[in-house]
Amino acid sequence: MLAASELEPVASALRAALDLDEPFRDAGVGAFGLANVVFALGDCFVEVVSPIEPDTAAGRYLARHGDGGYMVIFDLEDLESARSRALELGVRVAWEIDLPDISTTHLHPADMRGAIVSLDRSEPYGTWRWGGPQWTEQVGDGAPGRLAGITLAVSDPAAVAARWGEVLGLEVSGEDRPVLRLDGGEVHFETAASERAEGLVEIALELPHELPGGREAIELGGIRVRRVVG
């Protein structure tokens, strides 16, 4: 998920560069003082949020960092174990909800670092209420492509990778550039140049088409978007 001071320019740039379909706009995020767009890409999603009211968490993030990566959402089949591990580690819960078709726990970014981590469980697995009617209690169709990985920049990559791994129940690989390997994707951690530069800094995508200009990577919404070959 990206946070943007102006929603429409970032949404339009993403849609054009990645050849995405019409996004879903979730009126429910208005409860957090936000507007959003949610693009389906393969079986994953790229979301952009923007404040529409003063004094929101996203607005405070934007004031500190500017446009950029804001949240990382994991759809877990065993959500309860991840919730238990976070509790045992003393990680605070920023928001939580349990609905018949989806459950969500937002972990406090000060305890996880790098981004807000959202632990979710869809029912049936692979559906996604937050993706709109096409994905509510059914598996929809996203634009061609796949989310292959993300990169977070933090002051202490090893420590942050270890914390994320503990919560997610994953082992950390690599020393200079720690990585967590999930089913079908990877989470990389690198050293941030400054506190302002901390956060979700890159998404790596498998795409059936080139990025604009035939480049390997472009800057969109304050992050790198990099095309990889599957």
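Is Trp95 buried, partly exposed or exposed, and what is its relative accessible area? I looked this up at the outset in the model, which is a predicted one. Trp95 is partly exposed, with a relative accessible area of 27%.

**Entry 1: aromatic pairs**

I recorded six aromatic pairs. I noted for reference that a pair of aromatic rings is described by the distance of the centres and the angle of the planes.

One of the six is formed by Phe32 and Trp95. I found this pair to be edge-to-face, at 5.2 Å centre to centre and with 85 degrees between the planes. Phe32 lies in the loop between helix 1 (7-18) and strand 2 (34-41), whereas Trp95 lies in strand 6, so the pair ties together parts that are 63 residues apart in sequence. I looked up the exposure of Phe32 as well: its relative accessibility is 38%, so Phe32 counts as partly exposed.

I then turned to Trp164 and Phe189, which form an edge-to-face pair with 5.5 Å centre to centre and 85 degrees between the planes. Trp164 belongs to helix 5 (residues 157-168) and Phe189 to strand 12 (residues 185-191); the pair therefore ties together parts that are 25 residues apart in sequence. Trp164 is buried, with a relative accessible area of 1%. Phe189 is also buried, at 0% relative accessibility.

Finally, I noted that ring pairs link Phe45, Trp128 and Trp135 into a cluster.

I traced an open sheet of four strands in the order 5-8-7-6, with mixed pairing. Strand 5 (71-75) and strand 6 (93-98) are the edge strands, each pairing on one side only. Neighbouring strands of this sheet are turned by 15 degrees against each other on average, direction ignored.

I took the strand pairings in turn. Strand 5 and strand 8 (residues 116-122) run parallel and are joined by five bridges. Along this pairing, Phe74 stands opposite Leu119, and Asp75 stands opposite Asp120. Strand 7 and strand 8 pair in the antiparallel sense, over six bridges. Here I found Ile102 opposite Ser122 of strand 8.

How many of the residues of strand 8 are buried? I found seven of its seven residues buried. In a regular strand the side chains alternate between the two faces of the sheet, so I checked each face separately. Ile116, Ser118, Asp120 and Ser122 on one side are all buried, as are Val117, Leu119 and Arg121 on the other.

Helix 3 (residues 79-88) lies across strand 6, strand 7 (102-107) and strand 8, and runs at about 150 degrees to strand 8.

**Entry 2: the sheet with strand 3**

I traced another open sheet of four strands, with the order 2-3-1-4 and mixed pairing. Strand 2 and strand 4 (68-69) stand at its edges with a single partner strand each, so one side of each is left without a neighbour in the sheet. Strand 1 (residues 2-3) runs parallel to strand 3, joined by two bridges. The bridge partner of Leu2 in strand 3 is Val48.

Helix 1 packs on this sheet, where it touches strand 1, strand 2 and strand 3, and its direction makes about 5 degrees with that of strand 2. Helix 2 (residues 57-65) lies across strand 1, strand 2, strand 3 and strand 4, running at about 85 degrees to strand 3.

**Entry 3: the largest pocket**

Which residues are the closest to the centre of the largest pocket? I first recorded its volume, about 1200 Å³. Of the 43 lining residues, Cys44, Ile73, Phe74, Asp75 and Leu182 are the closest to the centre.

**Entry 4: Gly174**

I located Gly174 in the loop between strand 10 (172-173) and strand 11 (179-182). Its relative accessibility is 51%, and the cut-off for exposed is over 50%, so Gly174 counts as exposed. I also looked up its separation from Ala158, 16 residues apart along the chain: the C-alpha atoms are separated by 9.1 Å.

How values were computed. Residues are numbered from 1 along each chain as its sequence is written. This is a predicted model: local features need pLDDT of at least 70, side-chain atom pairs count only at pLDDT 80 or more; totals for chains, interfaces and linings use all residues. Side-chain values use heavy atoms; hydrogens and water are left out. Two strands pair if DSSP finds at least two bridges between them. Axes are lines fitted to C-alpha atoms, for helices over the stretch in contact, and angles run from 0 to 180 degrees between N-to-C directions. Contact means heavy atoms within 4.5 Å. Rings of Phe, Tyr and Trp (its six-membered ring) pair if their centres lie within 6.5 Å; planes under 30 degrees apart count as stacked, over 60 as edge-to-face and the rest as tilted. Buried means under 20% relative accessible area, exposed over 50%, partly exposed in between (1.4 Å probe, protein chains only). On a 1 Å grid over the protein atoms alone, a cavity is a set of points where a 1.4 Å probe fits but cannot get out, and a pocket is an open set with protein on both sides within 12 Å along at least five of seven lines; lining residues have an atom within 4 Å of a point. Grid points are joined across faces, edges and corners, and a volume is the space filled by probe spheres set on the points.
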